[in-house]
Every structure is written in C-alpha cells, then in structure tokens.
Amino acid sequence: MSDISLFPRHSAVDADGALSIGGVSVSALVGEYGTPLFIYDEQHLRETCREAVAAFGSDNVIYASKAFLCVAMARLAHEEGLLIDVATGGELFVALTAGVPASSCVLHGNNKSDDELRTALEAGVRHIVVDSFGEIERIEKLVSSGLPIPRVQLRITPGVHVHTHEYVSTGQDDSKFGFNLNNGDAHRAVERARSSSAMQLVGIHCHIGSNVFDVDNFEDAWKVMVDLFLPLELPEITMGGGLGVAYTTRDTAPTIEQWASVLSRVTTRLPAGTKVYVEPGRSIVAAAGVTAYSVGTVKDIDGIRRYVSVDGGMSDNPRPMMYGSEYEVFDSNNMLAARTSSARIVGKHCESGDILILDAQVTPDIAIGDVLVMPVTGAYGYSMASNYNKVPRPGVVFVGQGQSRLVVRRETLEDLVRLDQ
Ligand code: LLP
C-alpha cells in the first residue's frame with residue numbers, strides 16, 4: 001500500500017484502495033465538485049493552528065495569509081486565535097470581509113500604496129510593518145491629513161543567508177525587503193521612526209526566507225535580531241515565518257514544536273514581558289491540502305518516457321516551474337497498488353515547461369479517467385493560481401467528519417470575461 005504520510009492527517013484508505021479525506025471519499029468529492037479540486041482537511045487546519053498557538057502562546061501567532069486565503073480560511077484562523085498577516089490591500093479586504101477585526105490584522109508589503117496604507121489606518125490594523133524610508137514619509141503625510149497614528153514595526157534585513165530557493169530567500173543584504181542592518185539603515189530607520197510624531201514605534205521584524213528546513217538558520221538570524229533589539233528597549237519583536245514542510249517522502253521537516261524550541265532558546269535573553277510574534281504560513285496549511293486532478297491523456301514515447309496529462313497544471317500550481325519544487329502523486333482509487341512505473345506529470349497549458357512532476361512514480365496501469373491526488377498543495381497553490389490559457393481556477397472544498405463544504409466555487413467560463421468591457 002502507498003505510504004500516506006504526506007496526506008492530510010484525517011485521511012484513510014479503505015479495503016478497496018480508495019482514498020478518503022476527512023471521512024469523505026475523494027471519488028465522491030470529485031463526483032460532486034469536479035476536477036481539478038483543492039481539498040482541505042479542516043480538522044488538520046485547525047490542529048496546526050492550535051499547535052502553533054500552544055507552542056508560541058495565544059495572540060503571538062500571525063498567520064501569513066499569502067499561503068492560502070479565502071473567507072473561510074481567514075475565519076478559521078481567526079476562530080483558532082491566530083492574527084492575520086496581510087501583505088496587500090487585497091488580503092486585508094478578504095480578512096475584513098471574513099469578519100476578522102482589523103485589530104487582528106498586521107499589514108506588510110515592500111511597496112504599500114497610499115490607498116493600502118489609508119485603508120489600514122482607517123480600519124485600525126494592529127500594526128504596520130514598515131519596509132522603507134519612503135513609507136515612513138507616506139505614513140506621516142496620511143497622518144497629517146487626519147488619519148490615526150499607527151503602531152509600527154520596522155522590517156529589518158539581518159544579512160543572513162538561508163538554505164532555500166533564491167526566490168524565497170529574504171534575509172540577505174541584497175534584498176528588496178526592509179532596512180539593511182549591515183549598512184546602518186536599520187539603526188537610521190529606528191531613529192527616524194522614533195522621532196516621528198506620526199507613528200508609534202513598537203518593535204522590529206524580520207523574515208529570513210521561506211521553506212527553510214535547517215532550524216540553525218533561524219537561530220543565526222534570530223540571534224542577530226535579539227542583539228539588535230536589546231539596546232533599543234522596544235516592547236515587541238517579530239521573527240517571521242519560513243518553516244519548511246515535507247513535500248515528498250524523502251523530505252524531513254522540523255515540527256512547529258521544534259521550531260518553537262529554537263525560538264525559546266534565543267528569546268531567553270529578552271526582558272520579561274517582551275512580545276514575540278511569529279508569522280507561519282506554509283507550515284499551517286501546506287499538508288492540510290491536496291489537489292485532485294483527472295488524467296486526460298497518457299502518452300508513451302518508446303525508450304524515452306511516459307507523459308501523463310492532467311486537467312490543471314501551472315495555473316493551479318506554478319511552484320514546480322518557479323522553484324523546481326518536487327511533489328508526489330497517487331491514484332486516489334488505487335492506493336493499494338505499488339507505484340512502480342515512472343511518468344512525467346504535466347498540465348494542460350501550452351508550454352513544455354508546464355510540468356507538475358518531472359519524474360513521478362505511478363502505478364503501471366495508470367489510465368485516462370484516473371483521479372490523481374497530489375498531496376501537500378495547501379500552501380501557495382490556490383493563492384498563486386492564475387487563469388493562464390483562460391483555464392478557470394479550481395474550486396476549494398473543506399472536508400471533515402464525513403461532510404464537505406464548498407468554500408470557493410470553481411470559476412465558470414463567464415468568470416473569464418467578467419472584467420472585459
Ligand atoms: N512573513 C513574511 C513577511 C513573509 O514574506 C512570508 C512569506 C511569511 C511570513 C510566511 O512564510 P512561510 O511560513 O509561508 O514560509 N511562493 C513561495 C513562498 C513565498 C513566501 C513569501 N513570504 C513558495 O511557494 O514557496
């Protein structure tokens with residue numbers, strides 16, 4: 001039988017080899033909602049939220065909503081006691097639409113527009129993570145026009161390299177994000193914000209990168225942040241997100257608890273009462289979600305390879321193309337069979353690079369009509385989905401206790417022209 005350790009926690013395989021998630025069979029879900037389909041195990045989502053709150057303390061965990069955001073997810077994170085990191089006015093809008101109070105939202109972004117800042121100030125977000133000197137000036141202008149004075153943290157680039165893909169590494173000196181520590185900008189920004197009557201400087205912030213597997217990388221960066229923080233005598237520090245997750249059975253990722261224990265080692269040097277925030281995204285949602293696809297074409301090129309085409313691709317998961325990310329795939333109705341054959345899993349887009357898995361292990365009898373399930377697509381899948389080739393974006397369902405509920409409907413063809421004038 002296939003190893004189902006990559007699947008959401010409440011997954012099971014029955015005696016016939018059929019996969020269920022949250023007590024609902026994948027074939028029933030596909031029958032009802034079609035493919036491609038994002039399926040989230042709601043209980044798993046709630047459990048990871050609770051684990052983060054238990055590990056870091058309530059009111060200290062800010063869910064990085066860029067990983068996966070819709071009204072239902074914002075509500076769930078809020079219900080479980082997480083704050084919400086919004087990186088744009090769009091993410092803020094979704095969180096507020098979900099009923100999350102602005103005081104539970106934190107605004108990020110390296111290029112916030114005046115409109116985004118104005119909305120955040122009017123709504124009263126918990127704090128704004130300020131990214132540049134220009135942003136300080138723009139906040140001053142908005143406050144001088146009568147808007148409320150915000151609490152702010154300053155995003156610092158601590159000058160550390162982490163072991164992850166270059167595109168998701170953010171803590172090094174050469175970065176578009178934040179105030180550089182090594183060239184003195186960080187200290188200048190602290191002085192600048194402190195002397196401004198248009199903002200209340202409450203803390204500093206860092207985020208060193210994403211999908212980081214080596215907890216020593218966090219420890220190195222966090223030590224630098226603590227050294228910077230101590231003489232500033234500020235009340236708050238945010239240590240970012242970035243904890244990696246296992247995408248294939250070859251990966252081993254640290255748990256949220258292990259990540260928290262590294263943090264607690266570093267933060268013992270902080271004065272009692274210092275508020276320490278973290279901002280996990282991927283580690284909250286990635287493994288709780290899977291994507292179900294239907295196989296539409298199987299093509300064998302003798303002596304070269306087998307191509308298996310599914311009804312989605314780079315439009316619902318650009319990660320393999322963007323970062324070379326690896327995944328595995330399983331036949332949801334044939335989980336007992338060994339995956340002894342290899343195939344390239346490709347999407348339906350007009351690009352040779354539209355590859356989901358370069359070299360997948362599949363069952364030898366894989367055939368048209370099979371429903372393949374790709375685990376660990378809960379983070380940065382739906383949130384990075386596009387309409388390339390005018391492919392409607394998939395629906396999203398939450399499952400649990402034998403029930404399913406559609407939380408984002410599948411786009412229709414009409415949706416594809418709704419913006420056209
Ligand atoms: N905080 C800040 C300021 C961030 O920029 C990010 C992610 C996070 C927290 C959450 O990081 P996480 O815990 O999810 O690793 N699209 C890429 C990931 C981009 C991450 C951007 N920032 C991917 O699919 O791997």
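Figure 1. Domain 1 puts 23 residues into the contact, and domain 2 puts in 24. Contact here means heavy atoms within 4.5 Å. This is a predicted model, in which local features need pLDDT of at least 70 and side-chain atom pairs count only at pLDDT 80 or more, while totals for chains, interfaces and linings use all residues. Residues are numbered from 1 along each chain as its sequence is written, and side-chain values use heavy atoms, with hydrogens and water left out.

**Figure 2. The whole fold.** The protein holds 11 helices and 21 strands. Its radius of gyration is 22 Å, close to the 22 Å that the globule rule gives for 421 residues, so the protein is as compact as a globular protein of that length. The radius is taken over C-alpha atoms, and the rule is 2.2 Å times the number of residues to the power 0.38. Helices (H or I, at least four residues) and strands (E, at least two) are DSSP runs, numbered from the N terminus. Along the principal axes, the C-alpha atoms fill a box of roughly 70 × 50 × 40 Å. Take the contacts with a separation of 6 or more: 69% of them link residues 24 or more positions apart.

Figure 3. Of the 421 residues, 56% are buried. Buried means under 20% relative accessible area, exposed means over 50%, and partly exposed lies in between (1.4 Å probe, protein chains only). The protein exposes about 17000 Å², with 50% of that supplied by carbon and sulfur atoms. These areas come from the Shrake-Rupley method with a 1.4 Å probe; for residues, only the protein chains shown count as cover. There are 35 positive and 52 negative side chains. The centres of the two sets lie 4 Å apart. Lys and Arg count as positive, Asp and Glu as negative; His and the chain ends are not counted. Each charge is placed at NZ of Lys, CZ of Arg, CG of Asp or CD of Glu.

**Figure 4. Gly 240 and its contacts.** Gly 240 sits in the loop between strand 12 (236-238) and helix 9 (256-267). Gly 240 is buried, at 0% relative accessibility. Leaving out residues up to four places away in sequence, Gly 240 touches Cys 206, His 207, Trp 259, Tyr 277, Val 278, Glu 279 and Pro 280. Arg 126 is 114 residues from Gly 240 in sequence and 16 Å from it in space, C-alpha to C-alpha.

Figure 5. Thr 35 and Pro 36 are joined by a cis peptide bond, with omega about -10°. Pro 36 lies in the loop between helix 1 (26-33) and strand 4 (37-41).

Figure 6. Phi of Asn 211 is near 55°, a positive value in a residue other than glycine. Asn 211 lies in the loop between strand 11 (200-205) and helix 8 (215-232). Asn 211 is buried, with a relative accessible area of 14%. Asn 389 has a phi of about 60°, positive although the residue is not a glycine. The loop that holds Asn 389 runs between strand 19 (371-375) and strand 20 (395-400). Asn 389 is partly exposed, at 34% relative accessibility.

Figure 7. Ser 103 is partly exposed, with a relative accessible area of 41%. Not counting residues up to four places away in sequence, Ser 103 touches Gly 124, Val 125 and Arg 126. His 127 is 24 residues from Ser 103 in sequence and 8.1 Å away in space, C-alpha to C-alpha.

**Figure 8. Pro 271 in its loop.** Pro 271 is found between helix 9 and strand 13 (275-277), in the loop. Pro 271 is partly exposed, with a relative accessible area of 46%. Ser 65 and Pro 271 are 206 residues apart in sequence. In space they are 30 Å apart, C-alpha to C-alpha.
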